[in-house]
Amino acid sequence: MVFRSPVLNLALTSDLPSTANQEVFDFMRSGNPHPRIAWVPPFTEMGHKLFPASQELFRTYGFSNLEYCDIDDEQKEEQLAHLDQYDIIYLTGGDPIGFRSNILRVGLAGKLRQYLTTSRMIVAASGGSMQLTKNLSVFRLLNVALDEVFENRSEYEALGVVDYEILPHLNRFEPPFLEIVRRYSEDVDYDVIGLVNGAAVLHRSSDNYRCVGKATRFHKGVMTPIDTAA
């Protein structure tokens, strides 16, 4: 079931902040010009490795209040219980299937849905963005045959906050893989939105969204550029 909310502050990006997008940064400041941000990676080892550089990069764009939030080996129950104290939850990139596993293990799925009902914001990148969508199966197409992906799709359902799947880093893929994604889209009941690095989907409600940067829609076997605002 898709999560529905009349107000939904959500930015799903391909690789923010690695590729800057001023419109997304302005979106992030719309509730608080100096937001407190919970930085959530999928894995502890990866998080410790990447957090200092991410912290510095966010700081260069004016976001200086970034706090590490572990959901793997070093999770802090008190921090996870008080996510409503943050203006923004940021989900990093990383293996989306492992990310999903840790989100479910620590009970973060329900917390993220509840958080969104408070008018606060979730911003995500790459594998983090995929967590808010219908399913993670488009990621599995990288290494698993199309028929097998369809056989096991129900095992890879995501949080269902939005009614589509996301393919980040669209600019990195060669035409043969995009053809597999197109074929995949023939047999799913919703869009797959491909985002090049620097692009994003911005939501103000479950059904009201717009793309910024270069994006492509895969729908019922048809691949079409999306008119965007940036």
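Analyst: Two strands are said to pair if DSSP finds at least two bridges between them. Keep in mind that this is a predicted model, and take as an example Y164, whose bridge partner in strand 7 is D191.
User: Which way do strand 6 and strand 7 pair, and over how many bridges?
Analyst: Strand 6 and strand 7, the latter covering residues 191-195, pair in the parallel sense, with 4 bridges between them.
User: What sheet are they part of, and in what order do the strands come?
Analyst: They belong to an open sheet of 4 strands, ordered 6-7-10-11, in which the pairing is mixed. Strand 6 (164-167) and strand 11 (222-225) are at the edges with a single partner strand each, so one side of each has no neighbour in the sheet. From one strand to the next, the twist averages 25°.
User: Which helix lies across those strands?
Analyst: That is helix 9, residues 175-186, which lies across strand 6, strand 7, strand 10 and strand 11, and which runs at about 45° to strand 10.
User: What does strand 1 pair with?
Analyst: Strand 1 runs parallel to strand 5 (residues 121-125), joined by 5 bridges, and there L10 has I122 as its bridge partner. Strand 1 also pairs with strand 8 (residues 200-203), this time in the antiparallel sense over 4 bridges, with V201 as the bridge partner of L12.
User: Which residues touch the most others in the largest nonpolar core?
Analyst: That core has 56 residues, and I89, L132, L167 and Y184 touch the most other members. Helix 5, residues 108-116, gives the most to this core, with 5 residues. Apart from this core lies another, of 21 residues, including L66, Y68, V123 and L202.
User: And what about pockets, what volume does the largest one have?
Analyst: The largest pocket has a volume of about 280 Å³. It is lined by 17 residues, of which P17, S18, L50, Y90 and G93 are the closest to its centre, and helix 2 (residues 44-60) gives the most to that lining, with 5 residues.

Methods. Residues are numbered from 1 along each chain as its sequence is written. This is a predicted model: local features need pLDDT of at least 70, side-chain atom pairs count only at pLDDT 80 or more; totals for chains, interfaces and linings use all residues. Side-chain values use heavy atoms; hydrogens and water are left out. A nonpolar core is a set of buried Ala, Val, Leu, Ile, Met, Phe, Trp, Tyr and Cys residues joined through side-chain atoms within 4.5 Å. Buried means under 20% relative accessible area, exposed over 50%, partly exposed in between (1.4 Å probe, protein chains only). Helices (H or I, at least four residues) and strands (E, at least two) are DSSP runs, numbered from the N terminus. Axes are lines fitted to C-alpha atoms, for helices over the stretch in contact, and angles run from 0 to 180 degrees between N-to-C directions. Contact means heavy atoms within 4.5 Å. On a 1 Å grid over the protein atoms alone, a cavity is a set of points where a 1.4 Å probe fits but cannot get out, and a pocket is an open set with protein on both sides within 12 Å along at least five of seven lines; lining residues have an atom within 4 Å of a point. Grid points are joined across faces, edges and corners, and a volume is the space filled by probe spheres set on the points.
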